[in-house]
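Colleague: Please take me through one part of this model in detail. I would like the pairing of strands, then whatever you can say about the surface.

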Amino acid sequence: KLYRNYLEIRIFNFYSYDLTTDTIATGPTMPSTFYYGDMAPGPSGTIYALRGNGTSDFWRFGVGTTTWERLSSTPVPQTISYGGAIVYDGSRYLYVL
């Protein structure tokens, strides 16, 4: 499956696309409004998200559990407004700018 939200507008919606059946489904609601943040696949069936919207909020989505989790000890040192980015290095670290 592919997972997506619309990065440019204030939303709570999260979608999954099933490649086999060619269908789009609305996924679980995001914890708060997502606005100009970013998302990246992480290790072991997770997706990490920066909320954006002038916050340092950092979330994790479990693909297997289809649930969002707010990460309380945020590693994001500054607030993210426009143009935040996150990437996973494929082994251990998430990089945020």
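Modeller: Two strands count as paired if DSSP finds at least two bridges between them. Strands themselves are DSSP runs (E, at least two residues), numbered from the N terminus. This is a predicted model, where local features need pLDDT of at least 70, side-chain atom pairs count only at pLDDT 80 or more, and totals for chains, interfaces and linings use all residues. Residues are numbered from 1 along each chain as its sequence is written, and side-chain values use heavy atoms, with hydrogens and water left out.

Strand 6 covers residues 58–62 and runs antiparallel to strand 7, with four bridges joining them. In strand 7, Thr67 is the bridge partner of Gly62. Trp68, also in strand 7, stands opposite Phe61.

Four strands form an open sheet in the order 4-5-6-7, and the pairing is antiparallel. Strand 4 (38–41) and strand 7 (67–70) are the edges, each pairing on one side only. From one strand to the next, the twist averages 25° (axes are lines fitted to C-alpha atoms; angles run from 0 to 180 degrees between N-to-C directions).

Last, the surface. Val87 lies in strand 8, residues 86–88. Val87 counts as partly exposed because its relative accessibility is 47%, between the limits for buried (under 20%) and exposed (over 50%), with a 1.4 Å probe and protein chains only.
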